[in-house]
Amino acid sequence: EKGRKKRRAMRVAQAEEEEEAAAAAAAGGKEDAGMASILSYLDGPRDEERIAGLLLLAKREEAMTEAIAVEAARKSGRFLERLLGTAEADAAMSAAQRVGVAVATQLANFGAASVLGSSVGDAVASIVEAHVDRSEWTGDLVACVECAAALRAGSTTAILEILLRCPADREDLWRGALRAVRSRARDLPIGDRSALLKAAEVARSSKERYGWEASLLSLVVASWIGGGDLVKPELRSSEARRARDDTKRAVFAAAPRLLARGGVPEWQRDDALRLAALAAKTFGGFDHWLGGQKRSKVLVVLARVFSAEARLALDEALALCAFDEATAVTPDEGQRSDRVDRVTSLAPLCLGFLERLVDALVLQGGDSDSDSDDRGTVDDVDPEVLLEVRGALNDAIDVSLAFATEVRLHYDDDQQRNKASVPDFALALCRDAFRYLGRLALDLDDDDDDDGGENDEHDA
């Protein structure tokens, strides 16, 4: 017993010395003694030493250079692969596998993915395939998919097949795993972009997963964003053009349908809004929706939805400012931060979409990135449709002006009383509101001056 206590005390003292050495190295620019100790454990002759090295590496919070990450990967690669195969019958993942996934992700993120090789990635993918249907699956799925994405292991098609087998009621798993897929969206080969479209079709046909369609389609659109992509030889092929055209058709049809659907969770609604905004910006969606009487009715749906969502976001922003105790929202700090993040991203998104709609009506899509062959013009649109769109634009004008006026009143009061009750996010939203108001004022004024009132119905 005395010998055991003595050895325990020695290990504690050694760990404390290593922590002090690591702190001293970080502060003074000396050699990282803690990392050197980890590398020596990883290079040890016994499994116990290697496990100790992996545990220390998994708990390490400091950044490491690519050279150190590569060295650690070389020393631990084969053992890491063996560790990831250490399963337990009564658990989704064993403790050893969790450590292995954490270490593999960390080393890959610091530049050692190629050193670890495909065998480690295949071992991670095997864990997911074996346990994805287990009811007790928690954050392990997210951790494994993030690891696979960091390692660039397997195709996005395989990851999507795994995602579509996630429990449909686990929004947290879906959202986390989706982030991992999004990290590789810009580098997707053509086949994987087509696979994303097929996955969206599968989600649409599923009663449990139909809300995922907007997220998947947004990933496809994001993979085509940027003119630089078109320079890549593989994206100039006929196959790429067909895939891009398929994406456009799917998105143009899905965006209004998803926005018109009611009773969906907030995050699914937000994804549908982002999808429509991406379609308008990336594929010149307005040019398509202006093409003909039937299509142009979609503009009314879009204008009304984005105007209503802008109102809701700006109203919530005022409530979060807590100017009025009767309407103030006082969630806990973490929830408040999430709500502020949402309104500060959603309100500019909605107002920006409405600005683009104005540009499409006035300039007939002149500022979009559209390469569509079926571009429409305002002349193709029923005047009644234009009047309804204008009504939605005016609603957004009212709420933008009301929001900016309310914030300005409190800001002036703060200046007089030498205090600061107006949060920064409210001032930032005022800039978005004034930009929208200025854009509408410019175009409506131009309409009034264009023909001396001879064609008011068409101008409206």
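These numbered points are a colleague's notes on the model above.

1. **Ground rules.** This is a predicted model: local features need pLDDT of at least 70, side-chain atom pairs count only at pLDDT 80 or more, and totals for chains, interfaces and linings use all residues. Residues are numbered from 1 along each chain as its sequence is written, and side-chain values use heavy atoms, with hydrogens and water left out.

2. **Confidence.** pLDDT is the predictor's confidence in each residue, from 0 to 100. The chain has a mean pLDDT of 76. A share of 68% of its residues reaches 70 or more. Among the elements, helix 16 (residues 383-417) has the highest mean, 89. Helix 18 (residues 456-459) has the lowest, 44.

3. Over residues 24-31, pLDDT stays under 50. The model has six contacts beyond four places in sequence for that stretch; contact means heavy atoms within 4.5 Å. Over residues 227-231, pLDDT also stays under 50, with seven such contacts. Where pLDDT is low, the predicted coordinates should not be read in detail.

4. **Overall make-up.** The chain has 18 helices and zero strands. Helices (H or I, at least four residues) and strands (E, at least two) are DSSP runs, numbered from the N terminus. Of the 460 residues, 45% count as buried. Buried means under 20% relative accessible area, exposed over 50%, and partly exposed in between (1.4 Å probe, protein chains only). Take contacts between residues at least 6 apart in sequence: 73% of them join residues at least 24 apart.

5. **The largest core.** A nonpolar core is a set of buried Ala, Val, Leu, Ile, Met, Phe, Trp, Tyr and Cys residues joined through side-chain atoms within 4.5 Å. The largest one holds 64 residues. Trp289, Phe306, Phe353, Leu357 and Val389 touch the most other members. Helix 15 (residues 333-363) gives the most to this core, with nine residues. Another core, of 32 residues, lies apart from it; Ala72, Val103, Cys147 and Leu151 are among its members.

6. **Val389.** What does valine 389 touch, not counting residues up to four places away in sequence? The list is Leu299, Val300, Ala303, Leu357 and Leu361.

7. **A stacked pair.** Rings of Phe, Tyr and Trp (its six-membered ring) pair if their centres lie within 6.5 Å; planes under 30 degrees apart count as stacked, over 60 as edge-to-face and the rest as tilted. By this rule there is one aromatic pair. The rings of Phe306 and Phe353 have centres 3.8 Å apart and planes at 10°, so they are stacked. Phe306 lies in helix 14 (residues 293-321) and Phe353 in helix 15, so the pair ties together parts 47 residues apart in sequence. Phe306 is buried, at 0% relative accessible area. Phe353 is buried too, at 2%.

8. **Phe403.** This residue sits in helix 16. Phenylalanine 403 is buried, because its relative accessibility is 1%. Leaving out residues up to four places away, Phe403 touches Leu314, Ala317, Leu318, Ala426, Leu429 and Cys430. Its C-alpha is 7.3 Å from that of Leu318, 85 residues apart along the chain.

9. **Asp432.** Is aspartate 432 buried or exposed? Asp432 counts as buried, because its relative accessibility is 14%. This aspartate is in helix 17 (residues 424-450). Beyond its neighbours within four places in sequence, Asp432 contacts Pro348 and Leu351. Asp432 and Ala347 are 8.0 Å apart, C-alpha to C-alpha, and 85 residues apart in sequence.
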